[in-house]
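This briefing covers one protein chain, shown below.

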Amino acid sequence: MSEDSAAVRTNSPKQLALRLLRRRSFRAGYLAQVIDLAVREVVRSQFDEPDEREATRVQQRLTRYAANGQPGATELARAMLDVKHAIDLVRHGHYRATTVPESGPATTVSAEQLLELITGAGRDRVLAAQGGALVLLAEDEETSTVYRPVSAAEANALRQAARSAKEEAIRLYESAVETLRPHVRMADWSKNDGYGVAVDVVNGEVWVQWWPASLPESQEMWERGGIRALCAALLSARFTVSERNGRAPHPLMLRI
């Protein structure tokens, strides 16, 4: 186990497993009450966290409950196995998360966050990879997320880079909106029948698009009404505008 992992795991595996189990959502809502009752039967005060010995006793009670065919036994047994699987896999304190296929900058998660993600996903969607990495398969099976262990220093550097990228995205967005708002109708996302110019920032690029919502006939205003050309002219003073770019998802969009 790495030094980072030792620093994160201040509790025993039994205590950690119980904490993860108590945080889990169940289809059978009464299972949360079953777990809570098992804890109260062992822990003297409702305000105290179970120590290692108490957590072991709680787990024994829950194991018996799951083995004896009680209501929700199958779901509880599966959840307990999912928790054990997560604890066995997460061996480092910090992980770098990247999507496959890659989209957007890499992010970082702590061991605690990753434990909850894996527990919620279940054993069938989590795979161990080389070098201590983990692969979390998406439910749609079209994407997945790879978690690679990194040092605390690397995790901090990634967080700072992500923070800088977010601040730059906000700056780009505000600059584009400031340029356009006095001259064109901006989209109102709160209205189902709204339409207008919408601004978004994706991977460091500003996308300006026409948002017609439920009024597809308004698209004529973007092309033939000259709004596209006006937006391009207004933005060209601050940005390099690409009106017709192969990377644009559809013609109702500018990449700047």
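The model is predicted, and the points below are grouped by topic.

**Helix H6**
- Helix H6 spans residues 111–121, and its buried residues are Ala-111, Leu-114, Leu-115, Ile-118, Thr-119 and Ala-121.
- These buried residues line one face of H6, because they fall within an arc of 165 degrees when the helix is seen down its axis.
- An α-helix has 3.6 residues a turn, so residues three or four places apart point the same way.

- Ser-175 belongs to helix H7, which runs over residues 152–180.
- Ser-175 counts as buried because its relative accessibility is 11%, and the cut-off for buried is under 20%.
- Leaving aside residues up to four places away in sequence, Ser-175 touches Arg-238 and Phe-239.
- With Arg-238, the Ser-175 side chain makes a polar contact, side chain to side chain, at 2.7 Å.

**The chain as a whole**
- Nine helices and eight strands are present in the chain.
- Of the 256 residues in the chain, 41% are buried.
- Among contacts with a separation of 6 or more, 54% are between residues 24 or more positions apart.
- The accessible surface of the chain is about 15100 Å², and carbon and sulfur atoms account for 49% of this surface.

Definitions and conventions:
Residues numbered from 1 in each chain as written. Predicted model: local features only at pLDDT ≥ 70, side-chain atom pairs only at ≥ 80, totals over all residues. Heavy atoms only, no water. Helix = DSSP H or I, 4+ residues; strand = E, 2+ residues; numbered from the N terminus. Buried < 20%, exposed > 50% of the residue type's maximum accessible area, 1.4 Å probe, protein only. Contact = heavy atoms within 4.5 Å. Areas by Shrake-Rupley, 256 points an atom, 1.4 Å probe, with all protein chains shown as cover. Polar contact = N/O pair within 3.5 Å; in protein donor to acceptor, adjacent residues only side chain to side chain. Arc of directions from axis to C-beta.
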